[in-house]
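Let's take a walk through this structure, one stop at a time.

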Amino acid sequence: MASKGLVLVLLLPLALFSVFSGSAEAQGLSVGFYNTTCPDAETIVYDEMSGIIKNAPSLAGALLRLHFHDCFVRGCDASILLNGSATEKTAIPNLTVRGYGVIDRVKAKLEQACPGTVSCADILALVARDVVTLTKGPSWPVPTGRRDGRVSIANETSQLPPPFGISISNLTDVFACKGLSTKDLVVLSGAHTLGISHCSSFSNRLESDDTLDPAYAAKLRAKCKSGRTLVEMDPGSRTTFDTSYFEQVSKRRGLFTSDAVLLQDPQTRAYVQGYASGCSSEFFKDFGDSMVKMSSIGVLTGTEGEIRKLCFARN
Ligand code: HEM
């Protein structure tokens with residue numbers, strides 16, 4: 001009994017360390033960071049996004065992806081937004097990223113209310129949460145306090161996972177490098193419930209790929225050959241955040257190799273099948289938790305970086 005107690009005493013601090021060392025708080029972020037400096041910041045962002053998504057629901061997916069592409073390269077420091085030659089924005093994986101103008105619009109509203117206070121990196125994290133909520137998905141408290149980076153390098157986008165030519169172990173490694181677990185990988189891939197894709201992102205799978213449902217492949221081939229270059233990733237519900245992505249993947253109708261390989265490992269397959277057959281509340285809760293982790297990758301805080309006046313340019 002005494003030795004059990006001793007083991008607990010020794011292991012508890014270790015367990016707590018491993019929980020908190022990767023947490024948003026440990027990275028210097030806190031929920032309500034702008035409570036005194038810009039008390040209406042989150043309401044301003046939500047109200048602006050509410051109008052934008054009502055008029056252009058297809059931007060929801062684009063803006064969620066924008067935050068992911070920012071966080072995986074140099075951390076969530078808004079480096080993806082910087083204009084210039086050979087910046088992240090100009091690199092191949094980001095040529096299909098949309099929604100930059102929305103961030104400029106939200107930033108302009110915040111600059112009117114509280115000049116020089118709210119970072120572009122925080123705007124990206126808040127907007128990502130709000131577009132999910134506005135498309136009938138969950139909401140979650142977003143820890144804030146990120147600062148904006150001054151550097152953006154096109155070549156560093158090689159840290160983003162490619163949609164094809166990737167195995168499940170490569171994919172879990174890419175996420176592990178960013179401090180994200182195998183569960184986070186499956187949960188965050190659920191973001192593909194929103195949005196659209198270019199045919200070129202999955203055309204490698206259309207001719208002979210037995211991990212893609214042949215009937216579905218035929219439909220995709222027909223769509224892509226008809227001169228269209230864009231398809232819904234989650235047909236019928238691309239502007240609704242729900243669990244149907246997991247239903248699609250479990251029927252071998254995930255669009256990318258990176259979606260399909262989630263069925264190839266027993267652990268990732270169990271998560272996919274669990275979310276496909278379970279109630280959405282479990283996925284919703286897990287999605288918020290994984291987003292908080294993703295939104296905390298490599299953040300700049302305190303006196304690091306700067307608060308940009310315009311999101312597309314350094315001060
Ligand atoms: C697991 C690795 C991932 C890969 C390989 C991947 C790849 C892609 C690709 C190739 C597209 C289509 C781009 C196009 O052709 O226009 C796409 C779209 C999208 N991705 Fe991912 N993605 C991954 C993870 C994520 C994560 C973690 C999120 C967010 C949390 C995300 C959110 C989205 C969204 C919302 C879209 C639709 C964008 C739009 O409508 O413009 N993806 N992804």
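Start at the ligand's iron atom: its only protein donor is His192, through NE2 at 2.1 Å. Donors here are N, O and S atoms within 2.8 Å of the metal (3.2 Å for Na, K and Ca), and water is not among the atoms, so sites may look incomplete. His192 sits in the loop between α7 (182-189) and β3 (196-198); helices (H or I, at least four residues) and strands (E, at least two) are DSSP runs, numbered from the N terminus.

A word on the model: it's predicted, so local features need pLDDT of at least 70, side-chain atom pairs count only at pLDDT 80 or more, and totals for chains, interfaces and linings use all residues. Residues are numbered from 1 along each chain as its sequence is written, and side-chain values use heavy atoms, leaving out hydrogens and water.

Now for the rings. Trp140, Phe241, Tyr245, Phe246, Tyr275, Phe283, Phe284 and Phe287 are linked into a cluster by ring pairs (centres within 6.5 Å, using the six-membered ring for Trp). The count of aromatic pairs comes to 13. Elsewhere, Lys89 puts its charged end over the ring of Tyr100, 4.6 Å from the centre; that label needs NZ of Lys or CZ of Arg within 6 Å of the ring centre and within 35 degrees of the ring normal.

Definitions and conventions: Phe/Tyr/Trp six-rings, centres within 6.5 Å; stacked < 30°, edge-to-face > 60°.
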